[in-house]
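User: Hi! Could you walk me through this one? I'd like to talk about charged pairs and then the sheet.

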Amino acid sequence: MNNIIMEARDLTKNFGELKAVENLNLKINRGEVFGFLGPNGAGKTTSISMMVGLLRPTSGHVLIDGKEVQQIEKGTIGICPQELVLWDYLTCRETLTLMGNMYEVPGDKLKEKVQKLLDDLFLTDKANTVVTQLSGGMKRRLNLAMALVHEPEIVVLDEPSEGLDPQSRRVLWNYIRSLRDDEGKTVILTTHLMDEADRLSDRIAIIDHGKLLRLDTPSNLKKETGEGDVVEMKISDPEKNHDVINAVTELEGVHSVVEVNGQINIRALDAVGKLPRIMDEVEGLGVRLVDLSVRQNTLEDVFIDLTGTVLRE
């Protein structure tokens with residue numbers, strides 16, 4: 001069996017003069033959690049919409065199991081959108097049964113699948129409760145169940161943890177892992193949460209301005225961007241952050257220096273060993289350290305290094 005379940009070949013989408021996605025090439029393995037990361041307006045949603053057949057590309061192709069995406073059976077993919085799509089006055093059980101009927105799931109099999117989803121997603125006690133009486137976390141879990149009731153091979157989750165409290169998020173993460181580990185499903189995940197992408201994804205594609213910047217495992221991405229530690233510092237006069245950044249950037253072996261939320265982040269090999277020279281540069285500018293910490297490189301550091309620190313809406 002071919003291990004590649006989905007492939008994008010030179011995928012491009014133009015909206016007038018705007019090139020939303022440009023020559024996207026990637027392969028998604030069968031049975032992996034594949035993460036999409038990128039700033040607002042980076043082209044993530046457009047890319048995924050083309051890959052699942054919801055949006056026609058300007059040029060390029062999407063293959064699923066070697067077939068053009070337009071030729072696959074409709075039940076191959078299950079999509080859980082970021083915006084909740086629910087019927088307010090149906091119960092949880094009625095909602096899932098209706099979705100199963102739309103996909104023509106046989107009656108006995110559908111009844112069994114609906115009950116399993118209610119159990120797995122901790123909705124059994126709310127099976128006969130109408131949607132309007134559910135909490136936000138319950139609604140999001142029900143929305144996910146709707147995407148799974150027909151047992152698709154590929155599950156697309158667009159910002160699945162949006163608005164969830166930490167406890168609900170943990171339940172969701174465990175369930176996403178079980179989709180891969182216990183059911184062998186391929187999960188495509190878009191998220192702004194670096195921790196979520198890091199913990200769940202087997203591989204991550206970082207996309208910006210419609211182009212693929214990096215595609216690798218979370219551990220390899222973190223190694224690639226400034227192996228070692230990150231020095232985080234705050235100085236007494238934030239207006240001199242730029243002066244400190246310029247001075248420290250000139251030090252040998254420093255990979256990058258950026259300002260994030262008023263804090264200066266320095267990445268370099270053997271960052272701890274470079275601390276005396278870094279502090280000399282800071283003191284030479286007539287400012288003092290207010291706070292200083294050292295930590296390991298994270299996926300967020302990789303993301304900021306590749307896409308920048310300017311917020312785009």
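This is a predicted model: local features need pLDDT of at least 70, side-chain atom pairs count only at pLDDT 80 or more; totals for chains, interfaces and linings use all residues.

User: Great. How many salt bridges does a search of the whole structure find?

Analyst: The search finds 14, a salt bridge being a side-chain nitrogen of Lys or Arg within 4 Å of a carboxyl oxygen of Asp or Glu.

User: Which residue does Arg30 meet in a salt bridge?

Analyst: Arg30 meets Glu153, at 3.7 Å from N to O. Arg30 sits in the loop between strand 2 (18-29) and strand 3 (33-37), and Glu153 in the loop between helix 4 (136-148) and strand 7 (154-158), so the pair ties together parts 123 residues apart in sequence. Helices (H or I, at least four residues) and strands (E, at least two) are DSSP runs, numbered from the N terminus. Arg30 and Glu153 also belong to a network of salt bridges with Asp65.

User: And Arg180, is that buried or exposed?

Analyst: Arg180 is buried, at 18% relative accessible area; buried means under 20%, exposed over 50% and partly exposed in between (1.4 Å probe, protein chains only). Arg180 forms a salt bridge with Asp181, with the closest N and O atoms 2.7 Å apart.

User: What about Asp198, which residue does it pair with?

Analyst: Asp198 forms a salt bridge with Lys222, the closest N and O atoms being 2.9 Å apart. Asp198 is in helix 6 (residues 194-200) and Lys222 in helix 7 (residues 218-224), so this pair links parts 24 residues apart in sequence. Asp198 is partly exposed at 24%, and Lys222 is partly exposed at 23%.

User: OK, on to the sheet. What order do the six strands have?

Analyst: The sheet is open, with the order 6-7-8-3-9-10 and mixed pairing; two strands pair if DSSP finds at least two bridges between them. Strand 6 (77-80) and strand 10 (211-216) are at the edges with a single partner strand each, so one side of each has no neighbour in the sheet.

User: How many bridges join strand 3 to strand 9?

Analyst: Four, and the two strands run parallel. Leu37 stands opposite Ile206 in strand 9.

Notes: Residues are numbered from 1 along each chain as its sequence is written. Side-chain values use heavy atoms; hydrogens and water are left out.
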